[in-house]
Amino acid sequence: DRDTQIAPVMILHGTKDRTVNIAQSITLYRRMRELGRDVRLFIIKGADHGGKEFWTEEVIDRVDEFIRYCIDR
């Protein structure tokens with residue numbers, strides 16, 4: 001709810017996830033935005049539920065950037 005304080009959230013989700021439908025992450029992201037939460041959604045093209053696509057330089061750079069943002073807040 002709006003009154004609960006939470007840390008910033010980063011959601012990583014693959015477009016080919018067979019375990020959790022990507023629509024769930026999109027719904028979560030949209031709802032958190034509606035509540036004014038600090039949230040980011042990074043969709044990884046071609047990735048299943050985890051796997052090597054989550055360990056590319058681009059993804060690691062995004063995660064590193066997010067962690068640095070959280071530390072500097």
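Helices and strands here are DSSP runs, numbered from the N terminus.

**Figure 1. The whole predicted model.** This structure is a predicted model. From the N terminus on, its elements follow the order β-α-β-α. That gives two helices and two strands. Of the 73 residues, 22% are buried. The accessible surface is about 5600 Å², and carbon and sulfur atoms account for 49% of it. Take the contacts between residues at least 6 apart in sequence: 66% of them join residues at least 24 apart.

**Figure 2. The largest nonpolar core.** Which residues make up the largest nonpolar core? There are five: F42, I44, A47, F54 and V59. Now focus on V59. Beyond its neighbours up to four places away in sequence, V59 touches L12, F42, I44, E53 and F54.

Figure 3. R37 sits in the loop between helix 1 (22-34) and strand 2 (39-44). Is R37 buried or exposed? Its relative accessible area is 16%, so R37 is buried. Leaving out neighbours within four places in sequence, R37 contacts D1, R2, D3, T4, I6 and M32. D3 has a relative accessibility of 71%, so D3 counts as exposed. The C-alpha atoms of D3 and L35 are 9.4 Å apart, although 32 residues separate the two along the chain.

**Figure 4. V20 in its loop.** V20 is found in the loop between strand 1 (9-14) and helix 1. V20 counts as partly exposed because its relative accessibility is 24%. Which residues does V20 touch, not counting those up to four places away in sequence? They are H13 and H49. G51 is 31 residues from V20 along the chain, and their C-alpha atoms are separated by 14 Å.

Figure 5. Side chains of opposite charge can pair when their charged atoms come close. The count of salt bridges in this model is five. In one of them, D48 pairs with R18, with the closest N and O atoms 2.4 Å apart. The two residues are 30 apart in the chain: D48 is in the loop between strand 2 and helix 2 (57-72), and R18 is in the loop between strand 1 and helix 1. R18 has 72% relative accessibility, so R18 counts as exposed.

**Figure 6. D38 meets R73.** The side chains of D38 and R73 form a salt bridge, at 3.3 Å from N to O. D38 is in the loop between helix 1 and strand 2, while R73 is in the segment after helix 2, so the bridge ties together parts 35 residues apart in sequence. D38 is partly exposed, at 23% relative accessible area. R73 is exposed, at 60% relative accessibility.

Figure 7. D64 and R68 form a salt bridge, and their closest N and O atoms are 2.8 Å apart. How far apart are D64 and R68 in helix 2? They are four residues apart, so about one helical turn separates them. D64 is partly exposed, with a relative accessible area of 35%. R68 is exposed, with 52%. Elsewhere, salt bridges with shared partners join D38, R40 and R73 into one network.

**Figure 8. Charges across the protein.** The protein has 13 positive and 13 negative charges. How far apart are their mean positions? The answer is 5 Å.

Definitions and conventions:
Residues numbered from 1 in each chain as written. Predicted model: local features only at pLDDT ≥ 70, side-chain atom pairs only at ≥ 80, totals over all residues. Heavy atoms only, no water. Buried < 20%, exposed > 50% of the residue type's maximum accessible area, 1.4 Å probe, protein only. Contact = heavy atoms within 4.5 Å. Areas by Shrake-Rupley, 256 points an atom, 1.4 Å probe, with all protein chains shown as cover. Lys, Arg positive; Asp, Glu negative; His and termini not counted. Charge placed at Lys NZ, Arg CZ, Asp CG, Glu CD. Core = buried A, V, L, I, M, F, W, Y, C linked by side-chain atoms within 4.5 Å. Salt bridge = Lys/Arg side-chain N within 4 Å of Asp/Glu carboxyl O.
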